[in-house]
Amino acid sequence: MNNTASGAARLAAVVSAAAVIALSAVVSGIGVAALIFTGPLQPFLFVGIGIVLFGAAVMLIVVALKSSYPGTISLPQEVPAVILGLLATAMFVDLTTVMSAEDALPFVLLAIAFATIITGTTYWVLGRLRMGELIRFIPYPMIGGVLAGLGWLLVQGGVMVLTGEVLSVSDWAMPLQGDNPLRLAAGLAVGASLLVLTTRHTHFLLIPGVLVISIAAFYAIAVIAGLTATELSGAGWLLGPFPDRGAWAPPLFAASAEFDWELFFRQLPVLATLVLASTISILLYASGLELGVRRDLDLNHELRSCGAANVIAGVGGGVPGFHSMGDSLLAHAMGAPYRATGVLAGVFVAAGLFGGFSALAYFPRPVLGGLLLYLGLSLLREWIVDGYRKLPKGDWLVVLLILGVSGWFGFLAGIGVGVVAGMILFTVNYSGVDVAKHELSAASLHSRVDRPPGERAYLDRNGDSVHVLMLQGFVFFGTANKVLDRIAMRVADVSQPALTHLCLDFQRVTGTDTSAVITFRKLDQLAETQGFEIVLTGLPDDARVLFEDSGLELDENPRVTLERDLDHGLEYCERALLRDREGADLASAVLPPSLGPEVLERYAEICVFSPGDYLIEQGAPSDDMFMILKGRVTVKLDGMASGERLRTYGPGTLVGEMAMYLGGRRSASVVAETSARAMKLTLAGIRRMTTEEPQLAAELHRTIAAALAGRLAKNNELLRLLA
């Protein structure tokens, strides 16, 4: 019984939500059609309503079935409609210079269908290429400016519906002729009511309720004034009269052979803007829907499902659309976030469409115009008024600039300025990001080669002659010049030793552009005049190809050395500084002369290793340590790539001492990199030393403890510098 009651309640929720959404689709569809079929196309508004509602029925059904969120409602939207209106009007005006308006209409409908199919195909391709995160890379001020410009176009559309006149910045008084002020006042009353109420309340029935009350109030005033429907229609207060027939007029694809493709592609900038604005909007609306229903959506899946719906709608002459966040949240709030809700709403819209919509002729223009004014003013308030408080002033000025250009010179000009302004703002902001993540010297940052105290002390004293810049992010002209300025300042700093090596690490660089090559040429010239060497580490293959394609032969440049990573680059610089100290005796070893080989050999074993031999194997017991007498050994993890290392030890250094003191199993292997000779001291040998020569053992422990403490202090200092 409970299951039956639950099923009945669910069915009631689905049916009621579908009915409300279908009514909302009809009302919003009239507004979308009015934005497209405006100006000279206004006499064909009834046809426009038909193709819009056909698209609404298709999108409701297809997206409901295919969306990653079952409660998604998708409808034709005002954002693409505003831009599509520019395309349709421009084509209609050009066509009517050579043919009648009735003959031009089928070609305009074809253009609308092709634009919708192109938009839907773009959605689908972007989703297929998994570019749903594209929205993250569009500068936020550009998005705001575009939406503010669309707000202005919506306001213009509302004024056009109310008065039949075009609102422009240069001739703003034109719509105030004759009895237009009365219609404007009525529309503004509806728009202002919606704007004020939606600011204070968020109930899902608020907008439909205000529209119903506005229609009722309109007819109540008409009755009081003694005006009939015929008189209201004749005075321009109603949308009609419309023909008493089905509203849908599918495009005549058979006429494609006579279609003026040159005229269509002349509108390519408008078409590109349509696709861009629609793509931005679908991703923004889908992201907003995620927050509203507290559920993640697969943006790539949404692009594909919405793309398929738009292509199908376009074949039937429909106009572009995407997720309707308000209607989707309405279905969620009414307890009907199911696929059946969208499908049933689509069936309701289709039934009305094919049954005739002659009743739409009695829809009051002030209500429709007021709805468009509300939508436009909402966008302007969000991005201009609220944006002034929420956005950084630079971003807000970009939004204002795009809006101003859109108002004075047209929406497409605003888009163009927005792209340029967004690029400039991005360049300025990104140039402020420090491309040098860390700036150090070889005195504080060492390679993974462990050296005896004498060599390490020498490097500490002379390491400031090696300057290290660890780069990050995208290196382009602005950020590269900042790096060049810092290097020039270091070269000119007389308080520091003369620069011998400049080490530039590219490991964290995400990309470089051609303009960075110019900066590198200047750096090469600076290195030549100042006599220092440039060491490039971790240089990506694409950056290397970019440099070489620009004429910079890095391998043949005597002032440039390439190393696989920063570790090997630092080792190269250290070897250069220590070149005069090669062959140093073991007086600089970790162990003092009192613990020299001739003393310890009573308790130790001399071992000889060939390249590739293991001194220590990963996982073996930790019961010995080695003092390297000759050659080099490297610490590696099993499975590590060739050339990678954790640490390298040369003559005069200890390896394995920490693990020996801690006990347990070896965490890494030690392998001979070259032919090597080492003294092996075991725990058994140290115990025997403790028994036979306790003072010698104590000195050994103190020396090793001091070496470990010094290494820890160095690491702590490096962590402080890198913080």
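Modeller: On a 1 Å grid over the protein atoms alone, a cavity is a set of points where a 1.4 Å probe fits but cannot get out, whereas a pocket is an open set with protein on both sides within 12 Å along at least five of seven lines, and a residue counts as lining when it has an atom within 4 Å of a point. Points are joined across faces, edges and corners, and a volume is the space filled by probe spheres set on them. The model is predicted, so to speak of local features pLDDT of at least 70 is needed, and side-chain atom pairs count only at pLDDT 80 or more, while totals for chains, interfaces and linings use all residues. Residues are numbered from 1 along each chain as its sequence is written, and side-chain values use heavy atoms, with hydrogens and water left out.

By this rule there are three cavities of 30 Å³ or more.

The largest cavity holds about 170 Å³ of space. It is lined by 14 residues, and those nearest its centre are Val475, Ala480, Leu504, Thr519 and Phe520. Four elements, β5 (466-475), α18 (477-492), β6 (501-512) and α19 (515-530), each supply at least two residues of this lining, which has twelve nonpolar, two polar and no charged residues.

Turning to the open spaces, the largest pocket has a volume of about 1,800 Å³. It is lined by 50 residues, of which Ile207, Met325, Gly326, Tyr374 and Leu375 are the closest to its centre. Helix α14 (residues 365-390) contributes the largest share of the lining, eight residues, and by class the lining has 33 nonpolar, 13 polar and four charged residues. The second largest pocket has a volume of about 1,000 Å³. Its lining counts 39 residues, with His446, Ser447, Arg448, Arg647 and Asn715 the closest to its centre. Two or more residues of that lining come from each of α17 (453-462), β6, α21 (566-577) and α25 (694-722), and α25 gives the most, with nine residues. Divided by class, the lining of the second largest pocket has 14 nonpolar, ten polar and 15 charged residues.

That leaves the charged pairs. A salt bridge is taken as a side-chain nitrogen of Lys or Arg within 4 Å of a carboxyl oxygen of Asp or Glu, and a search of the whole structure finds 19 of them. In α14, which also lines the largest pocket, Asp386 and Arg389 sit three residues apart, about one turn of the helix, and their side chains meet in a salt bridge at 3.1 Å, N to O. Buried means under 20% relative accessible area, exposed over 50%, and partly exposed in between (1.4 Å probe, protein chains only); Asp386 is therefore buried at 17%, whereas Arg389 is exposed at 58%.

A further salt bridge joins Asp624 to Arg666 at 2.7 Å, N to O. Because Asp624 lies in β11 and Arg666 in the loop between α23 (657-662) and β15 (669-672), the pair ties together parts that are 42 residues apart in sequence. Asp624 is buried at 10% relative accessibility, and Arg666 is buried at 6%. Arg508 and Asp505 also form a salt bridge, with their closest N and O atoms 4.0 Å apart; here Arg508 is partly exposed at 36%, while Asp505 is buried at 0%. Finally, Asp567, Glu571, Arg575, Arg632, Arg645 and Glu673 are linked in a network of salt bridges.

Note on methods: Ala, Val, Leu, Ile, Met, Phe, Trp, Tyr, Cys and Pro count as nonpolar, Asp, Glu, Lys and Arg as charged, and the others, Gly among them, as polar.
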